Amino acid sequence: MDIAFEEGMQSPSAADMRPDPPNSLDLNGTHPQRIKLTAPNINLSLDQSEGSILSDDNLESPDEIDINVDELDTPDEADFFEYTGHGDLTANKDSGQESESIPEYTAEEEREDNRLWRTVVIGEQEQRIDMKVIEPYKRVISHGGYYGDGLNAIIVFAACFLPDSSRADYHYIMENLFLYVISTLELMVAEDYMIVYLNGATPRRKMPGLGWMRKCYQMIDRRLRKNLKSFIIVHPSWFIRTILAVTRPFISSKFSSKIKYVNSLSELSGLIPMDCVQIPESIIKYDEERSYKRSVRTSCLYNDPELSSMEKDIDLKLKEKP
């Protein structure tokens, strides 16, 4: 009886001889040899032919699958990806550094940006006007009220408010100002209209070029060309007369007949109502100085005994000639 018990103790069962499964990863680099499992050839057809996944040969019960789990290789340390993003954020907070954020575009800034640009349609084409760059020159065109019966508009164009041609961005300003003038003209005019061009007190460097004026005429809508009844030029200079003489071949005879020269503001007031016409201070001063010089010259002309009556008549005719 004692011998049987001793033999039972010395002869352990197969379950007792099986090694314990590992409960941790071996980090010392001593791994058992990896076992590669080869997948059997499987026919993916849906019939029950030989080799098909629906074949009776492949429908084995779980008891028939003999895989030793203990011999499967486990992933080592190199197979893991360690995400350190939270650690970096924590480190930045600890060091007092904050990540740069994209500034928000407020509603007020969006409204302000929309005011800097204006979209208009000229000649059936959509155009954008840089309103910020032409802001100092918007007074170049204004509404001078109405004349006659109905909504016959008086459009005042003051050349003294044009930009200086010596500016580096002169062409960019003039291109946007051109779009502004044309689009504003279309809004101001409902029926017939006239344009009063104030040329006085405008230095040569501010006068628009020939190409710009021709472009304006070509881009004006046919309705505006037809409804223009008069083009009055106040204080015409030799330069502006020359420009109009050069452009005469490019414009119609009808438009040429609408051009009228006016030498003073008093003469202008006899042609149109001046109640709503805004005359710049520089032009008023220019007109006063010119009128004073003319009166002095006339006084000297008649008081000089050496001048003959024929010379006086010739001088008066030159003065009255437009």
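1. Strand S4 (residues 152-158) and strand S5 (residues 193-198) run parallel and are joined by 6 bridges. Within this pair, Ile 155 stands opposite Ile 195 in S5. A word on terms: strands are DSSP runs of E with at least two residues, helices are runs of H or I with at least four residues, and both are numbered from the N terminus. Two strands pair if DSSP finds at least two bridges between them.

2. Before going on, please keep in mind what kind of model this is. It is predicted, so local features need pLDDT of at least 70 and side-chain atom pairs count only at pLDDT 80 or more, while totals for chains, interfaces and linings use all residues. Residues are numbered from 1 along each chain as its sequence is written, and side-chain values use heavy atoms, with hydrogens and water left out.

3. Now follow the sheet onward from S5. S5 also pairs with S6, in the parallel sense and over 6 bridges, and here Tyr 193 stands opposite Leu 228 in S6. S6 in turn runs parallel to S7, with 4 bridges joining the two; Phe 231 stands opposite Ile 259 in S7.

4. Put together, these strands belong to an open sheet of 5 strands in the order S3-S4-S5-S6-S7, with mixed pairing. Which strands stand at the edges? They are S3 (141-147) and S7 (259-262), and each has a single partner strand, so one side of each is left without a neighbour in the sheet. Neighbouring strands of this sheet are turned by 25° against each other on average, direction ignored. For such angles, axes are lines fitted to C-alpha atoms (for helices, over the stretch in contact), and angles run from 0 to 180 degrees between N-to-C directions.

5. How enclosed are the individual elements? In strand S6 (residues 228-234), 6 of the 7 residues are buried, so this strand is largely enclosed by the rest of the structure. Buried means under 20% relative accessible area, exposed means over 50%, and partly exposed lies in between (1.4 Å probe, protein chains only). Helix H5 is also largely enclosed by the rest of the structure, because 14 of its 19 residues are buried.

6. Helix H5 (residues 170-188) is worth a look for its length too. From its first C-alpha to its last it reaches 26 Å, close to the 27 Å expected at 1.5 Å a residue. The expected span is 1.5 Å times one less than the number of residues.

7. Away from that sheet, strand S1 (residues 117-122) and strand S2 (residues 125-130) run antiparallel, joined by 6 bridges. They form a hairpin with 2 residues between them, and Gly 123 in the turn has a positive phi of about 60°. Across the pair, Arg 118 stands opposite Ile 129 in S2.

8. Not counting residues up to four places away in sequence, Ile 129 touches several residues, including Trp 117, Val 120, Asn 176, Leu 179 and Tyr 180; contact means heavy atoms within 4.5 Å. Tyr 180 is 51 residues away along the chain, yet the C-alpha atoms of Ile 129 and Tyr 180 are separated by 6.9 Å.

9. How many salt bridges does the structure hold? There are 3, where a salt bridge is a side-chain nitrogen of Lys or Arg within 4 Å of a carboxyl oxygen of Asp or Glu. One of them joins Arg 205 and Asp 164 (2.6 Å, N to O). This pair links distant parts of the chain, 41 residues apart: Arg 205 is in the loop between S5 and helix H6 (210-219), and Asp 164 is in the loop between S4 and H5. Arg 205 is partly exposed at 47%, whereas Asp 164 is buried at 18%.

10. Another salt bridge forms between Arg 167 and Asp 169, with the closest N and O atoms 3.0 Å apart. Lys 138 and Glu 135 also form one, and there the closest N and O atoms are 3.7 Å apart.

11. Finally, look at Asp 287 in helix H11 (residues 281-303). Asp 287 is buried yet has no salt bridge, and the nearest side chain of opposite charge, Arg 294, is 6.3 Å away. For charge, Lys and Arg count as positive and Asp and Glu as negative, while His and the chain ends are not counted. Leaving aside residues up to four places away in sequence, Asp 287 touches His 235, Asn 263, Ser 264 and Leu 265.
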